Amino acid sequence: MIRFESVSKAYPRSRRPALHRVNLDVERGEFVFLVGASGSGKSTLLRLVLREDVATRGHVYVAGRDVARLSSWKVPHLRRQMGVVFQDFRLLPSKSVFDNVAFALQVIGKSRHHIAQVVPETLELVGLAGKERRLPHELSGGEQQRVAVARAFVNRPAILLADEPTGNLDPATSEGIMKLLERINRTGTTIVMATHDHGLVDASKKRVVELEGGVVVRDEADGGYGLAPVTGMISAQMPAVPPAQAAGEREGARW
Ligand SMILES: Nc1ncnc2c1ncn2[C@@H]1O[C@H](COP(=O)(O)OP(=O)(O)OP(=O)(O)O)[C@@H](O)[C@H]1O
C-alpha cells in the first residue's frame, strides 16, 4: 500500500538529511507506529506519503503509484485516498461538528443526500452522536480529536495518516482515540501513526518502525523488544547505531 525505496529527503539549507535511504513496506490493512525522537524524520515521512513534498532520492509508492511522478492535477485524487489527523486537531472553529465533517465531503463534490447519510453514521462511529450541533470550543480535547478522526475517515480512505494524534491528550483520552483508530483499522484502512506515546505503543503490540536521525533503526512486527533491529537498512554512509546500544537504549525514553 505504501512503499519507500531507498528514500532520502534533504531540505535546503539543512546540514543533515531529514530521511536517509529509508526502505519501508506497509501492506494494505496494516497498523504501523512510527516512532523516534523529535526531529528524527517522522513528519517528513508522512509528508512524502501525502506528496506535500517530494523525495530528494529514491521512490515513494502509494497504491502502486510513484507519487513524485503524478502530474499535479492527479495529486488531489491521490490525497482523497488518504485521511490525515494532526496533534492540534485543525478544526474549523466557526463550524459545527456536523459541518466540520461535512466540509470534507463538500469540497470533493459529494451530494447533499450522501452527506446527510454518511456524516451521522461517521459521527456515531466515533462516539459523537448527539453532539452534531456543537462548535469545537464546546468540546473537550478528546472530543475535538474524534471530530478530526471523523473528518479524516468520512470518505472511507484506504490510508489514514496520524501525526501524533494523542500528543495533546491525557492518557485515558489517548487510549480512547487509540481504540477508535484500531476500530477504523479493522474496517481495512491502513494506518500509519507517528507518536511519542510509549504507553500506547507498548500496550498495542503492533508493528513499530523507529527512525533515528532520518534512518530506520528498528522495524519490528509486534512492537516486542526481544527482536533485533533492522540494521540491514542502515546505510554504510551513516553512523549506524550498534545493535547492542540500540537494544539497551530501547528501555529509555529516547522518543
Ligand atoms: N521545511 C523544512 N525545512 C528545513 N528543515 C526541515 C523542514 N521540516 C523539517 N526539517 C528538518 O528535518 C528533520 C526532521 O524533521 P521532522 O519534522 O520530520 O521530524 P519529526 O520526527 O516529525 O519531529 P517531531 O517529533 O518533533 O514532530 C529535522 O532536523 C527538521 O529540523
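**Before you start.** This is a predicted model: local features need pLDDT of at least 70, side-chain atom pairs count only at pLDDT 80 or more, and totals for chains, interfaces and linings use all residues. Residues are numbered from 1 along each chain as its sequence is written.

**Whole chain.** Show the cartoon. The chain has eight helices and ten strands. Helices (H or I, at least four residues) and strands (E, at least two) are DSSP runs, numbered from the N terminus. Of the 255 residues, 37% are buried. Buried means 20 or more other C-beta atoms within 10 Å of the residue's own, exposed means 12 or fewer, and partly exposed is in between; C-beta atoms are placed from the backbone.

**The core.** Select Leu34, Val101, Ala150, Leu160 and Leu161. These have the most contacts inside the largest nonpolar core, which has 62 residues. Helix 5 (residues 141–153) gives this core its largest share, six residues. Such a core is a set of buried Ala, Val, Leu, Ile, Met, Phe, Trp, Tyr and Cys residues joined through C-beta atoms within 7 Å.

Now centre on Ala150. Beyond its neighbours within four places in sequence, Ala150 is in contact with Val101, Thr122, Leu123, Val126 and Leu128. Contact means C-beta atoms, placed from the backbone, within 7 Å.

**Helix 4.** Select residues 112–125. Which residues of helix 4 are buried? They are Val119, Thr122 and Leu123. Down the helix 4 axis they fall within an arc of 95 degrees, so they line one face. The arc is that of the directions from the helix axis to the C-beta atoms. These buried residues pack against helix 3 (97–106) and helix 5. The face turned away carries exposed residues, including His113, Gln117 and Glu124. Just after helix 4, Gly127 takes a positive phi of about 85 degrees.

**Helix 6.** Select residues 171–186. Buried here are Ser174, Ile177, Met178, Leu180, Leu181 and Ile184. They fall within an arc of 160 degrees, so they line one face of helix 6. Their cover includes helix 5, strand 7 (159–163), strand 8 (190–194) and helix 7 (198–204). On the face turned away, find the exposed Pro171, Ala172, Lys179 and Arg186.

**The ligand.** Last, select the residues around the ligand: Tyr11, Ser14, Ala18, Gly36, Ser38, Gly39, Ser40, Gly41, Lys42, Ser43 and Thr44. Each has its C-beta atom, placed from the backbone, within 6 Å of the ligand.

Terms used
Contact = placed C-beta atoms within 7 Å.
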